[in-house]
Amino acid sequence: MTGNHRDRTITRRRAIAVTGGTVAAGGLAVAGYQAAFADTTTTTTTTDAAASTASATASESSGCMTLMSSVTEGPYYLDNALVRKDITEGKSGVPLTLRLTVVDATDGCTPVSGAAVEIWHCDAWGYYSGYTTANPGGSAPAESEDGSTADDNTYLRGYQIANANGVVKFETIFPGWYTPRTCHIHLKVHTGGQKEDGTYEGGKVNYTGQLFFDDEVAQEIFTLEPYSKHSGSYTTLDNDMVYDGGGASSGLLTLRAVHKKDPSKGYKGFLTLGVDPDAENTGAGSGGGGGGGGGEGGTPPGDAPSASASSASSSSS
């Protein structure tokens, strides 16, 4: 683990995070750039000039990745099933737009139209909705002190349904951190279900995974408000119990800054997710153990809401 020291050298992982890297066997592909950003303007400033060129080149490749390896869903999963693009509910933090492209890795990387991508992550101080009294480690204000009116059982959780190009988009905030994990976002890819009354029903989970962030970008953001109110030892990618060092093939997002000189303006992150629509993998019970406030693969805190309670809350919100 490390504190807030930032290594300014361009490491191999940093290069992968910024440019999208190359497609690695057994993982994700950094392809579909043009589809993923089809509805954006051309005025966004990139964190690195190479990002646009490398990603566009990847999207034109006719190659396809092998299937991604599922990892643990972690102890903080709730089956709220809310379909919505903006999942912030007023939670403060650096804006983050996620654009993910779901493709069928068993069929030439064709888009998986109608796939449901579900994400969930902690707030700027390391708290998850549904588990707001779980200690994020280090020193952080109580979750209730952030001044938001967010629903304690639903914030920073949601589903989006892939369009004809397999693309989903989420508006959220850059996640904070909690002991002993690095900065990350959880996700599941579902197929076979359908949207009903604002929720996603039925189907099965094809993939459970996590998205990761370059250390240099994350640690710069954590010096800003409100993240800076959470002090302590941040776990870098090298020391994380889930991230295996494979760059984009292990879920490392490509990040583009909205404004190169002002990180508080936000980021856009993208990745292509190669799945097998016939497979089923919930991720429950898998992954390593861990101590601290957010150990993956462990038992949720005792104050965790029951599935029925969380479903009732989401139905009334």
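In this predicted model, a residue is buried when its relative accessible area is under 20%.

Q: What percentage of the 317 residues counts as buried?
A: The protein exposes about 12500 Å², and carbon and sulfur atoms supply 47% of that area. Its fold is built from five helices and nine strands. Of the 317 residues, the share that counts as buried is 53%.

Q: How many of the residues of strand β9 are buried?
A: β9 covers residues 267–275. Y267, G269, L271, L273 and V275 point one way, and K268, F270, T272 and G274 point the other way. In a regular strand the side chains alternate between the two faces of the sheet. Both sets in β9 are buried, and the count is nine of nine.

Q: Which residue of β9 is the bridge partner of T101?
A: Strand β1 spans residues 95–104. β1 pairs with β9 in the parallel sense, over nine bridges. Within β9, the partner of T101 is T272.

Q: In which sense do β8 and β9 run, parallel or antiparallel?
A: β8 covers residues 254–257. L255 has G269 as its bridge partner in β9. Four bridges join the two strands, and their sense is antiparallel.

Q: Is T208 buried or exposed?
A: T208 sits in strand β7, residues 199–212. Leaving aside neighbours within four places in sequence, its contacts include S70, V71, L187 and K188. The relative accessibility of T208 is 0%, and the cut-off for burial is under 20%, so T208 is buried.

Q: Which residue has its backbone nitrogen reached by the side chain of T208 at 3.5 Å?
A: N281, T282 and G283 are among the contacts of T208. The backbone oxygen of N281 lies 3.0 Å from a polar atom of the T208 side chain. The backbone nitrogen at 3.5 Å belongs to G283.

Q: How far apart in space are V217 and P263, C-alpha to C-alpha?
A: V217 lies in helix α4, residues 215–221. V217 has a relative accessible area of 4%, so it counts as buried. In sequence, V217 and P263 are 46 residues apart. In space, the C-alpha separation is 8.6 Å.

Q: Which residue is 171 places from V242 in sequence and 7.5 Å away in space?
A: V242 lies in the loop between α4 and β8. V242 is buried, with a relative accessible area of 15%. Among contacts between residues at least 6 apart in sequence, 82% join residues at least 24 apart. The residue 7.5 Å from V242, C-alpha to C-alpha, is V71.

Q: What is omega for the peptide bond from T179 to P180?
A: Most residues other than glycine have a negative phi, and most peptide bonds are trans. P180 is placed in the loop between β5 and β6. The bond from T179 to P180 is cis, with omega near 5°.

Q: Which residue is joined to P226 by a cis peptide bond?
A: P226 lies in the loop between α4 and β8. Omega of this cis bond is about 0°. The residue joined to P226 is E225.

Q: Is A81 buried or exposed?
A: A81 is found in the loop between α3 and β1. Its phi is near 60°, a positive value in a residue other than glycine. The relative accessible area of A81 is 6%, so A81 is buried.

Q: What is the phi of E89?
A: E89 also lies in the loop between α3 and β1. E89 is partly exposed, with a relative accessible area of 23%. E89 is not a glycine, yet phi is positive, at about 55°.

How values were computed:
Residues are numbered from 1 along each chain as its sequence is written. This is a predicted model: local features need pLDDT of at least 70, side-chain atom pairs count only at pLDDT 80 or more; totals for chains, interfaces and linings use all residues. Side-chain values use heavy atoms; hydrogens and water are left out. Buried means under 20% relative accessible area, exposed over 50%, partly exposed in between (1.4 Å probe, protein chains only). Two strands pair if DSSP finds at least two bridges between them. A polar contact is a pair of N or O atoms within 3.5 Å; within protein, one must be able to donate a hydrogen and the other to accept it, and residues adjacent in sequence count only if both atoms are side-chain atoms. Contact means heavy atoms within 4.5 Å. Accessible areas come from the Shrake-Rupley method with a 1.4 Å probe; for residues, only the protein chains shown count as cover.
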